[in-house]
Amino acid sequence: MERKAGVLMHISSLPNSRGIGSLGRSAYEFVDFLSSSGLSLWQVLPLCPTSYGDSPYQSPSAVAGNPYFIDIDTLISDGLLKKSEAPEYPLKAVDYAAVYNERYNTLRKAFRRFIKAPAEDYEKFKTENAFWLDDYALFMALKEEHGMQAWYTWEEKYMHRTADMTRFGKAAEFHKFLQYEFFTQWSALKAYANSKGIKIVGDMPIYVAHDSVEVWSDPKQFLLNEDLSRKVVAGVPPDYFSADGQLWGNPIYDWEYMRTTGYSWWVMRMRMALKLYDVIRIDHFRAFADYYVIPADRRDAKVGEWRPGPGMEFFDTIRRELGDPAIIAEDLGELHDCVRELVRRTCYPGMKIMQFSFDGNPYNDFYYTNYNNNCVAYPGTHDNDTTRGWFESLSDDTKSLVRRTLGYDGDNVAAEITERLMSSAADTVIIPMQDFLNLPSKARMNTPSTLGGNWVWRSSDKWTKKAGAIRKLLQKYGRA
C-alpha cells in the first residue's frame, strides 16, 4: 500500500466572513494548501444538516447536505443575492443560533430569485434524487409548519403520513433548492480536490437521529413501538471516552427486517455517500458485529445489553451491490472478539489513537511502534482534546510518563507525536488541523456527552504558513 497522510478539518472550521465555514473560496484555498503540503487526504465530519446540539451526528437526514455550508459569496456571484443582503461576521467561533436566525432568511431571498428562472439542470437534479429528496423536503416543510418540533410530537395524521400534504409543496421546494445548491457546490469542490490528487474522507455516523426523515418516512427499518416511540436506544457503556458511558438516544435498526430487504436502505445510504466521498469512515463500526442497546426509559448508559449485528453478510451485500468501496473502520472502545474478527475479515483498516497509548505498557496497541500497515493513525479524533490540550491537562506524573515513553523533553508534544506517527508503519496518518497548529484545548471540536461549546472551532488561514514544513516531514517519511 502507498504511504500517505492527510488532515482532519471540518467544513464548518474554514475561515470566511459568513459566520461558519463554507464550500467557497477558503475551501479551494485549503485544497491548494493540502496539495502544496504533499497531503493527499482531507477528512471531514458528516456533511449532513445539524439539529439538536448542533452536532453533525444528530441530523434530520443521513443523506442531505448542510445548508449552512452553501457559500453565500457564490450565490452573490451567481446573481441570486445582493451583497447588501448577506450579513458579514468577524472570524470567531461558530454562533449556531446567530447563523440559524439569519441564514435561512438570506437563503430564501436567493431562492425567490432562483425559482423565477431555475438553472437548466435543476429539474434533472430533482428527478435523479427524488427517491430521498421528496421525503426530505416535505419533512423539513412539516418541521417548519410545526415550529421545528420533532416529528413524533406532531398530530397523528402527520406522524403517520395519512394527511393530504400537497399544500406543503411550495415550502418543500425551498428545501429542494437548498440541496441543489449544496450538491452543486460540493461536487465542484470535490472535483477540484480530486484534480489536485486529494481524496475526500467522509464520516458516516452508524445511527440516525430519532427526529430524522429516515425514521419518519420508513419506520419499519427501526425498533419502534406502535406509537412510533423507541423501544430501545443506542449508546455505549463506560469506556475511556466517558466514565459514565454515552447515552446517544438514537433508535436501533431492525436488522432482521433489513436483512429481508437485502439491506436496501443501507445500500442506498452507502451509494449516496460514495457520491460525496472517496473514502468512508464508518463511525462506531463495531455495531455491525455487536451493538449495545439501552432501555428507552433510561437516563444513563450503565444498564444495557449487547446484541449481535449483521456481521460479514452485510459487507458481502455492500460489495456485491457497490463494488469494493474504500472504508475505514472506527474500531475504538472496548472491543469483543467478534468485532476484531469482523475487521479482520473485511480487511478494512482500523484506527489507532496515539493519545490512548501512554499507560506504561510497551505493547499498547495504540503506540506508534506497534502499528501494522493496515491502519489509519491519528493523534486524536474530533472527540479528543487537541494534543497540546490533552498533554497540558495531564497530571505531572503522567506528563513525565509521556516524556519518558517518547524520550522527548521539548515543548511541542503535538509536533513530536505527529512526527512519530509519520514514522510509523501505518499506511495512512491523519492529523487534526489543530495539532498541526499546536492549538490548546479551546480549539477542541467535541467533548462527548456534553452540550454547548462543541463543533464551534474556526481556523484562521495560519495553515498556509505550515505547507513547507509539512511537506518536508512527509518527504522524510515517504508520505508526500
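Student: Why is Thr74 called partly exposed?
Tutor: Its relative accessible area is 26%. Buried means under 20%, exposed over 50%, and partly exposed lies in between, with a 1.4 Å probe and protein chains only. So Thr74 counts as partly exposed. This is a predicted model, where local features need pLDDT of at least 70, side-chain atom pairs count only at pLDDT 80 or more, and totals for chains, interfaces and linings use all residues. Residues are numbered from 1 along each chain as its sequence is written, and side-chain values use heavy atoms, leaving out hydrogens and water.

Student: What makes Trp154 and Trp216 an edge-to-face pair?
Tutor: Their centres are 6.0 Å apart, with 70° between the planes. Rings of Phe, Tyr and Trp (its six-membered ring) pair if their centres lie within 6.5 Å; planes under 30 degrees apart are stacked, over 60 edge-to-face, the rest tilted. Therefore this pair is edge-to-face.

Student: How do you know that Trp154 is buried?
Tutor: Trp154 has 4% relative accessibility, so it falls under the cut-off of 20%. Trp216 is buried too, at 1%.

Student: Why is the pair of Trp390 and Phe391 called tilted?
Tutor: The angle between the planes is 55°, and the centres are 6.4 Å apart.

Student: What makes Lys399 sit over the ring of Phe391?
Tutor: Its charged end is 5.8 Å from the ring centre. The rule asks for NZ of Lys or CZ of Arg within 6 Å of the centre and within 35 degrees of the ring normal. Arg108 likewise lies over the face of Phe174, at 4.1 Å from the ring centre.
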